Amino acid sequence: MFTRAEKEAIIDGLKQNIDKAQAVFLTNLVGLQSNDAVRIRKGVRDAEGKLVITRNSLFERAAKGTKCEPILKNLKGPHALAFAYGDAAAVAKCLKEAGAEFENFAQLKAGVLNEQVLTAAELTLLSSLPSRKQMLGTLLATFIAPVSSLARVLNTIREEKEKGSVTA
């Protein structure tokens with residue numbers, strides 16, 4: 001049993017996490033072995049997130065008056081909250097991949113992104129998006145494509161000119 005002071009400390013910590021997070025996802029880690037749960041937590045941490053497990057009553061008390069109140073009301077059974085501080089899609093993808101890898105691990109149950117409660121379809125869509133780094137890489141490749149095409153054409157012209165098959 002937690003003392004009242006410990007409960008208040010947990011609730012305050014959860015409120016701070018909810019306020020700082022861009023997105024919050026509801027899931028659970030029931031049925032996983034310790035090493036697997038640690039690996040999932042590390043994956044979420046690498047994606048600039050945090051995974052927290054505590055009592056449903058503490059989740060509900062911490063969510064009062066916050067953006068997460070709708071998804072944390074009247075919870076039954078074991079739950080965990082994943083907080084995404086940076087790239088929400090990366091945290092959602094990490095949880096989705098864990099759900100595919102471990103049959104006991106529940107998929108994303110609910111979520112909140114920037115004050116908006118997400119539907120199951122929106123959660124699936126968000127978790128299938130590429131990460132921010134992947135999107136930036138694709139954008140950079142798109143920007144570089146015309147310049148690299150021009151360089152290839154100019155190089156081909158130079159090579160043809162050196163062979164003597166093209167006149168100046």
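These legends accompany several close-up views of a predicted model. Residue numbers start from 1 along each chain as its sequence is written, and side-chain values rest on heavy atoms, with hydrogens and water left out. Because the model is predicted, local features need pLDDT of at least 70 and side-chain atom pairs count only at pLDDT 80 or more, while totals for chains, interfaces and linings use all residues.

**View 1**
Strands here are DSSP runs of E with at least two residues, helices are runs of H or I with at least four, and both are numbered from the N terminus. Two strands count as paired if DSSP finds at least two bridges between them. S1 and S3, which run antiparallel, are joined by 5 bridges. For a residue to look for, take Val-24, whose bridge partner in S3 is Phe-83.

**View 1**
H4 covers residues 88-101, and at 1.5 Å a residue its 14 residues should span 20 Å, which agrees with the 20 Å between its end C-alpha atoms. That expected span is 1.5 Å times one less than the number of residues. At the N-terminal end, Asp-87 caps the helix, a side-chain oxygen lying 3.3 Å from the backbone nitrogen of Ala-89.

**View 2. The buried residues of H4 and what covers them.**
Which residues of H4 are buried? They are Ala-88, Ala-89, Ala-90, Val-91, Ala-92, Cys-94, Leu-95, Ala-98 and Gly-99. Buried means under 20% relative accessible area, exposed over 50%, and partly exposed in between (1.4 Å probe, protein chains only). The cover over these buried residues includes strands S1 (23-27), S2 (49-53), S3 (80-84) and S4 (110-113), along with helices H2 (34-46) and H5 (120-128).

Ile-71 is found in the loop between helix H3 (56-63) and S3. With a relative accessible area of 9%, Ile-71 is buried. Not counting residues up to four places away in sequence, Ile-71 touches Val-24, Leu-26, Ala-110, Gly-111, Val-112 and Val-117. Contact here means heavy atoms within 4.5 Å. Leu-81 is 10 residues from Ile-71 along the chain, and their C-alpha atoms are 11 Å apart. Thr-54 belongs to the loop between S2 and H3, and Thr-54 is buried too, at a relative accessible area of 15%. Aside from neighbours within four places in sequence, Thr-54 is in contact with Phe-2, Ile-10, Leu-14, Phe-59 and His-79.

How many salt bridges does the structure hold? There are 4 salt bridges, each defined as a side-chain nitrogen of Lys or Arg within 4 Å of a carboxyl oxygen of Asp or Glu. One of them joins Glu-8 and Arg-61, with the closest N and O atoms 2.9 Å apart. Glu-8 lies in helix H1 (residues 4-20) and Arg-61 in helix H3, so this pair ties together parts that are 53 residues apart in sequence. Glu-8 is partly exposed at 33% relative accessibility, and Arg-61 is partly exposed at 36%. Another salt bridge brings together the side chains of Arg-39 and Glu-101 (2.2 Å, N to O). Here Arg-39 belongs to helix H2 and Glu-101 to helix H4, so the link is between parts 62 residues apart in sequence. Arg-39 is partly exposed, its relative accessible area being 42%.

The side chains of Asp-46 and Lys-42 meet in a salt bridge of 3.0 Å, N to O. Both belong to helix H2, and being 4 residues apart they are separated by about one helical turn. Asp-46 is exposed, with a relative accessible area of 55%, whereas Lys-42 is partly exposed at 44%.

Notes. A polar contact is a pair of N or O atoms within 3.5 Å; within protein, one must be able to donate a hydrogen and the other to accept it, and residues adjacent in sequence count only if both atoms are side-chain atoms.
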